[in-house]
Amino acid sequence: TVVLIFTFAVRIVRVSGESMRETLQDQDMLVVLNNWLCGGYEQGDIVILQRDDFYGGEPIVKRVIATEGQTVDIDFDAGVVYVDGTALEEPYTREPTWTQEGTEFPLTVPEGCVFVMGDNRNDSDDSRDSALGPVDTRCVLGRALLLAVPGPTADTEQRDWSRVGILN
């Protein structure tokens, strides 16, 4: 039964890098609900995606900022992200969004796609990068459900076991 669950329903994914800091740390282990069970993605979901032509084909972990039909705009001078004209309240981000990566804004997310960004906005390769742009949901492996094993924090190099649990 356990083998079937991990084959068809969930998978374990290791976070690689600092792009989701502080929400997720490098080497965190996540339990991920497989794509075909997710039933669609919503703004705020943490997802794992993989495209052969981006980041060497390695899976990456990002947050959904907008879904199909929504318009994303970023004021890089103020560091503010807007979806459909409304500034996002993003308490999970490490710092305001200053870094541009080549995508032209405003951008309307195409049908069947999501626009994703890392929580560590100025150290994240994400949909702002014109090499990635909006991501076809068929490239999304699944939605992160919970943090199962914490990696060492960037500041202390210690594992903070109080972080284990359901992700918001």
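Two aromatic pairs turn up in this predicted model, where rings of Phe, Tyr and Trp (its six-membered ring) pair if their centres lie within 6.5 Å, and planes under 30 degrees apart count as stacked, over 60 as edge-to-face and the rest as tilted. Phenylalanine 105 and phenylalanine 115 have ring centres 5.9 Å apart and planes at 75°, so this pair is edge-to-face. The pair links distant parts of the chain, ten residues apart: phenylalanine 105 sits in the loop between strand E7 (86–87) and strand E8 (107–108), and phenylalanine 115 in strand E9 (residues 113–117). Strands (E, at least two residues) and helices (H or I, at least four) are DSSP runs numbered from the N terminus.

Two notes on reading the values: this is a predicted model, in which local features need pLDDT of at least 70 and side-chain atom pairs count only at pLDDT 80 or more, while totals for chains, interfaces and linings use all residues. Residues are numbered from 1 along each chain as its sequence is written, and side-chain values use heavy atoms, with hydrogens and water left out.

**Rings and their surroundings**
- Ring pairs join Phe76, Phe105 and Phe115 into a cluster.
- Phenylalanine 105 and phenylalanine 115 are both buried (buried means under 20% relative accessible area, exposed over 50%, partly exposed in between, with a 1.4 Å probe and protein chains only).
- Phenylalanine 105 is also joined to proline 106 by a cis peptide bond, with omega about 0°.
- Elsewhere, the charged end of arginine 63 sits over the ring of tyrosine 92, 3.7 Å from its centre (the rule asks for NZ of Lys or CZ of Arg within 6 Å of the ring centre and within 35 degrees of the ring normal).

**Buried polar and charged residues**
- Aspartate 119 lies in the loop between E9 and E10 and is buried, with a relative accessible area of 0%.
- The side chain of aspartate 119 makes a polar contact with the side chain of threonine 23, at 2.5 Å (a pair of N or O atoms within 3.5 Å; within protein, one must be able to donate a hydrogen and the other to accept it, and residues adjacent in sequence count only if both atoms are side-chain atoms).
- Asparagine 120, in the loop between E9 and strand E10 (135–136), counts as buried at 5% relative accessibility.
- A polar atom of the asparagine 120 side chain lies 2.9 Å from the backbone oxygen of glutamate 18.
- Glutamate 101 is in the loop between E7 and E8 and is buried, with a relative accessible area of 17%.
- Glutamate 101 and arginine 128 are 27 residues apart in sequence, yet 5.2 Å apart in space, C-alpha to C-alpha.

**Backbone points to check**
- Most residues other than glycine have a negative phi, and most peptide bonds are trans.
- The peptide bond from arginine 21 to glutamate 22 is cis, with omega near 15°.
- Glutamine 27 is not a glycine, but has a positive phi of about 80°; this residue is in the loop between E1 and E2.
- Tyrosine 55 is not a glycine either, and has a positive phi of about 60°.
- Tyrosine 55 lies in the loop between strand E3 (46–49) and E4 and is partly exposed, with a relative accessible area of 43%.
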